[in-house]
Amino acid sequence: MLTGRVGADFAREVFEAAGGLGWQSTALTDRDRSIAIIAALVCQNVTGQRLLTYLSLARRNGVDQQGLTALMVLLTAYVGQPYTSLAMEAVRRSADLS
């Protein structure tokens with residue numbers, strides 16, 4: 001997905017800089033990675049297209065609407081309602097796009 005957006009050379013560098021092994025290790029599934037990235041983005045209050053991209057990826061990796069909603073509820077206890085309410089709006093919006 002990233003290669004299609006930014007090209008192979010840039011994508012390879014990004015994956016290496018972003019932890020290489022984390023993207024390639026069999027210890028995590030693509031579903032696990034999707035959930036972790038969404039959680040990190042919500043904690044940083046990152047919304048918009050970047051969050052929508054990873055919500056879409058999570059859905060492709062088997063996380064359904066109920067799972068994404070449960071994730072936002074769980075994160076509310078740790079991050080707070082302001083960030084997660086914005087993210088939940090994105091979850092609902094992205095459901096219409098899938």
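This is a guided tour of a predicted model, stop by stop.

**Stop 1: the core**

Start with the largest nonpolar core, which has 20 residues. Select Ile 38, Leu 51, Leu 55, Leu 68 and Met 72, the residues with the most contacts inside this core. Now colour the helices that supply the core. Helix 4 (30-43), helix 5 (49-60), helix 6 (65-79) and helix 7 (81-97) each give two or more residues. Helix 5 gives the most, with 6 residues. In general, nonpolar side chains tend to be buried together in soluble globular proteins.

**Stop 2: Met 72**

Which residues are in contact with Met 72, leaving aside neighbours within four places in sequence? Show Ile 38 and Val 42 on one hand, and Thr 84, Ala 87, Met 88 and Val 91 on the other. Keep these side chains on screen for the helix pairs that follow.

**Stop 3: helix 4 against helix 6**

Hide everything but helix 4 and helix 6. Their axes come within 11 Å and cross at roughly 45°. That angle makes helix 4 oblique to helix 6. The crossing is right-handed. Next, select the residues that meet. From helix 4, take Ile 35, Ile 38, Ala 39, Val 42 and Cys 43. From helix 6, take Leu 68, Leu 71, Met 72, Leu 75 and Val 79. Ile 38, Leu 68 and Met 72 were also on the list of core residues with the most contacts.

**Stop 4: helix 6 against helix 7**

How many Å apart are the axes of helix 6 and helix 7? The axes are 8 Å apart, and the helices pack at an angle of about 170°. Helix 6 is therefore roughly antiparallel to helix 7.

Select the contact in two parts:

- Helix 6 side: Gln 65, Leu 68, Thr 69, Met 72, Leu 75, Thr 76 and Val 79.
- Helix 7 side: Gln 81, Tyr 83, Thr 84, Ala 87, Met 88, Val 91, Arg 92 and Ala 95.

**Stop 5: Thr 84**

Zoom in on Thr 84, in helix 7. Is Thr 84 buried or exposed? Thr 84 counts as buried, at 3% relative accessibility. Leave aside the neighbours within four places in sequence, and Thr 84 is in contact with Val 42, Met 72, Leu 75, Thr 76 and Val 79. Val 42 belongs to helix 4 and meets helix 6 too.

**Stop 6: the salt bridge**

Go to helix 4 and select Arg 33 and Asp 30. The whole structure has 1 salt bridge, and Arg 33 forms a salt bridge with Asp 30. Draw a distance between their closest N and O atoms: 3.2 Å. Arg 33 counts as buried, at 8% relative accessibility. Asp 30 counts as partly exposed, at 47%. As a rule, side chains of opposite charge can pair when their charged atoms come close.

**Stop 7: Ser 34**

Step along helix 4 to Ser 34. Ser 34 is buried, with a relative accessible area of 1%. What is in contact with Ser 34, beyond the neighbours within four places in sequence? Select Leu 57, Ala 58 and Asn 61.

**Stop 8: the loop between helix 4 and helix 5**

Now follow the chain into the loop between helix 4 and helix 5, where Asn 45 is found. Check the backbone there. Phi of Asn 45 is near 60°, a positive value in a residue other than glycine. Asn 45 is partly exposed, with a relative accessible area of 30%.

Gly 48 is found in this loop as well. Gly 48 counts as partly exposed, at 27% relative accessibility. Gly 48 and Leu 86 are 38 residues apart along the chain, and 9.6 Å separates their C-alpha atoms.

**Stop 9: Ala 11**

Finish at helix 2 (residues 8-17), where Ala 11 is found. Ala 11 is buried, with a relative accessible area of 1%. Show Leu 2, Thr 3 and Val 6: Ala 11 touches these residues, not counting those up to four places away in sequence. Last, pick Met 1. Ala 11 and Met 1 are 10 residues apart in sequence, and their C-alpha atoms are 9.3 Å apart in space.

Technical notes. Residues are numbered from 1 along each chain as its sequence is written. This is a predicted model: local features need pLDDT of at least 70, side-chain atom pairs count only at pLDDT 80 or more; totals for chains, interfaces and linings use all residues. Side-chain values use heavy atoms; hydrogens and water are left out. A nonpolar core is a set of buried Ala, Val, Leu, Ile, Met, Phe, Trp, Tyr and Cys residues joined through side-chain atoms within 4.5 Å. Buried means under 20% relative accessible area, exposed over 50%, partly exposed in between (1.4 Å probe, protein chains only). Helices (H or I, at least four residues) and strands (E, at least two) are DSSP runs, numbered from the N terminus. Contact means heavy atoms within 4.5 Å. A salt bridge is a side-chain nitrogen of Lys or Arg within 4 Å of a carboxyl oxygen of Asp or Glu. Axes are lines fitted to C-alpha atoms, for helices over the stretch in contact, and angles run from 0 to 180 degrees between N-to-C directions. Angles under 35 degrees count as roughly parallel, over 145 as roughly antiparallel, 65 to 115 as roughly perpendicular and the rest as oblique. A crossing is left-handed if the near helix is turned anticlockwise from the far one by less than a right angle, and right-handed if clockwise.
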